[in-house]
Amino acid sequence: MNDLPVFAVPPADDVTAGWWDATREHRYTLQTCGGCGHVQHPPRVVCIHCGSDDDLWFAPASGSGEVDAWTVVHRPPRPGVAVPYTIARIRLAEGPIVLTRLDGDDWRIGEPVRVGWVDLDDGRALPVFHRDG
Ligand SMILES: [Zn+2]
């Protein structure tokens with residue numbers, strides 16, 4: 001999958017650093033609230049369920065889910081971005097729905113997927129989901 005085009009990736013910040021650090025080891029994590037157990041993505045300053053900001057951590061996630069919606073982008077969002085590519089909403093096994101990249105362009109809603117990784121030059125990695133199995 002390393003031939004997939006990679007977009008400009010935002011730098012890690014205080015909220016997302018833990019998530020990005022895990023990607024360096026190809027570990028998919030999800031921000032989890034130690035107070036109420038809520039799982040959320042992308043990482044946020046507070047738990048969107050209970051409002052707590054003092055016990056958020058990055059729990060190991062299965063990296064599996066299913067396709068909720070997908071589309072193929074044929075028109076580059078800006079010059080220099082290679083097309084076509086597929087973006088999708090993936091419903092993760094842990095519950096959150098994430099907007100992410102999907103490998104290939106022939107999908108069905110509900111199809112099982114698993115995370116894979118595209119390594120970035122700075123050591124981080126981008127999740128790209130592909131068929132599970
Ligand atoms: Zn909470």
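A salt bridge is a side-chain nitrogen of Lys or Arg within 4 Å of a carboxyl oxygen of Asp or Glu. The exercises below apply this to a predicted model.

**Exercise 1.** State how many salt bridges a search of the whole structure finds.

Solution. The search covers the whole structure and returns seven salt bridges.

**Exercise 2.** Decide whether D21 and R24 form a salt bridge, and classify the exposure of each residue.

Solution. 
- Step 1: The closest N and O atoms of D21 and R24 are 3.7 Å apart.
- Step 2: The cut-off is 4 Å, so the pair counts as a salt bridge.

**Exercise 3.** Find the distance for the salt bridge of R27 with E25, and classify both residues as buried, partly exposed or exposed.

Solution. 
- Step 1: In this salt bridge the closest N and O atoms are 2.7 Å apart.
- Step 2: R27 has a relative accessible area of 41% and is partly exposed.
- Step 3: E25 has 54%; exposed means over 50%, so E25 is exposed.

**Exercise 4.** Work out which strands the salt bridge between R91 and D68 ties together, and which network includes these residues.

Solution. 
- Step 1: The closest N and O atoms of R91 and D68 are 3.7 Å apart.
- Step 2: R91 belongs to strand β5 (residues 85–92) and D68 to strand β4 (residues 64–73), so the pair ties together parts 23 residues apart in sequence.
- Step 3: R91 is partly exposed at 37% relative accessibility; D68 is partly exposed at 23%.
- Step 4: A network of salt bridges links D68, R89 and R91.

Notes:
Residues numbered from 1 in each chain as written. Predicted model: local features only at pLDDT ≥ 70, side-chain atom pairs only at ≥ 80, totals over all residues. Heavy atoms only, no water. Buried < 20%, exposed > 50% of the residue type's maximum accessible area, 1.4 Å probe, protein only. Helix = DSSP H or I, 4+ residues; strand = E, 2+ residues; numbered from the N terminus.
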